[in-house]
Amino acid sequence: MFWVLLLFLAWAFAGTACARLCLTAVRADAPAAAGAPDVPDAQTAAGRDLTLYEAAFLSGGPARVADVALVSMARQRRLLLAHTGWATVVDPRGRDEIEQSVIGAIGPGGQSRIAPVRRRAADTEAVRRLADGLVHAGLAVRESSDTVASAVRQVRAAALAVAALGITALLLPGDTGTPRPLVGAWFALPLILTLSSLAIARFEVHPYSPWASPAGQRLLRALTGRPAGDERSFLTSVAVRGIRAIGEPELRAAFTHRDQPLRE
């Protein structure tokens with residue numbers, strides 16, 4: 001009857017994960033409590049225009065903010081991004097604190113690999129202030145908060161755990177005292193629970209953003225419906241979709257370049 005212990009574990013994984021997903025989804029979709037300081041009312045959220053950096057953070061977090069700043073400066077010829085993966089400062093005067101953070105991340109020599117620049121710029125005080133402002137406006141979730149995205153990941157992990165436990169129970173040597181098809185049916189129940197929870201979450205609360213709150217996601221969706229064609233539209237596309245939105249081959253190669261291993 002060892003398979004019964006495995007079944008208890010499967011139900012524990014599935015039940016805990018699905019309960020967390022339900023509670024997290026309800027809290028994320030619930031209206032703001034009266035007097036809550038960090039959540040704006042619906043009219044305030046709906047009437048706000050996102051800046052490029054705000055859209056970048058809500059879409060891809062701190063790293064996306066650094067990417068937008070790099071692309072913007074490169075398009076204005078104030079920063080040279082070589083297809084070999086190097087960034088060179090042309091104009092050392094940043095026009096805002098994010099650009100100043102990027103220049104500072106490149107270093108006093110005025111030249112650096114792009115990958116470490118992106119990491120250092122994403123971890124600057126300017127980006128943290130941007131994040132705090134979005135959290136205070138109710139458009140972003142706190143870094144330590146329980147998000148729908150993390151709950152969905154837990155349900156996916158629980159589904160894999162249930163499947164693994166079920167397979168283990170079916171492969172146990174000797175006579176389990178219960179027909180193996182019945183054992184498989186018992187494990188199918190928690191598996192169905194996890195998969196149905198994922199399906200419901202897909203229709204009800206998708207996309208699962210680790211950065212944007214429901215109000216922030218609504219503003220992001222409004223951005224994607226605006227007409228394209230000018231420079232701001234291009235940068236907005238980069239902010240929302242990331243470097244895959246860059247159509248210029250050399251500029252895109254600057255971000256995707258990887259060092260080749262040294263040969264003796």
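Modeller: A salt bridge here is a side-chain nitrogen of Lys or Arg within 4 Å of a carboxyl oxygen of Asp or Glu. Residues are numbered from 1 along each chain as its sequence is written, and side-chain values use heavy atoms, without hydrogens and water.

Colleague: By this rule, how many salt bridges are there?

Modeller: Side chains of opposite charge can pair when their charged atoms come close. Under this rule, the count of salt bridges is 8.

Colleague: Which residue meets R75 in a salt bridge, and how many residues apart are the two?

Modeller: The side chain of R75 meets that of E248 at 2.0 Å, N to O. Helices (H or I, at least four residues) and strands (E, at least two) are DSSP runs, numbered from the N terminus. R75 sits in helix α4 (residues 62-75), E248 in the loop between α11 (231-241) and α12 (249-256). The partner is E248, and the separation is 173 residues.

Colleague: Which residues are linked with R75 in a network of salt bridges?

Modeller: R75 is partly exposed, at 26% relative accessibility; that class lies between buried, under 20% relative accessible area, and exposed, over 50% (1.4 Å probe, protein chains only). E248 is partly exposed too, at 33%. The residues linked with R75 in the network are E231 and E248.

Colleague: Are R78 and E99 buried or exposed?

Modeller: Their side chains meet in a salt bridge at 2.7 Å, N to O. R78 lies in the loop between α4 and β1 (79-81) and E99 in helix α5 (residues 97-106), so the pair ties together parts 21 residues apart in sequence. R78 has a relative accessible area of 4% and E99 has 3%. Both residues are buried.

Colleague: Is D123 buried or exposed?

Modeller: D123 forms a salt bridge with R128, at 3.3 Å, N to O. R128 is partly exposed, at 39% relative accessibility. D123 has 54% and counts as exposed.

Colleague: Which residues does V102 touch, not counting residues up to four places away in sequence?

Modeller: Contact means heavy atoms within 4.5 Å. Beyond its sequence neighbours, V102 touches A69, L70, M73, L79, V117 and A121.

Colleague: In what order do the 3 strands form the open sheet?

Modeller: Two strands pair if DSSP finds at least two bridges between them. Strand β2 (residues 86-89) is joined to β3 by 3 bridges. The edge strands, each pairing on one side only, are β1 and β3 (111-113). The pairing is antiparallel, in the order β1-β2-β3.

Colleague: Which residue in β3 is the bridge partner of W86?

Modeller: β2 and β3 run antiparallel. The partner of W86 in β3 is R113.

Colleague: Over residues 31-44, how many contacts does the model have beyond four places in sequence?

Modeller: The chain averages a pLDDT of 82, and 83% of the residues score at least 70. Over residues 31-44, pLDDT stays under 50. Where pLDDT is low, the predicted coordinates should not be read in detail. For residues 31-44, the number of such contacts is 12.

Methods. Predicted model: local features only at pLDDT ≥ 70, side-chain atom pairs only at ≥ 80, totals over all residues. pLDDT = per-residue confidence, 0-100.
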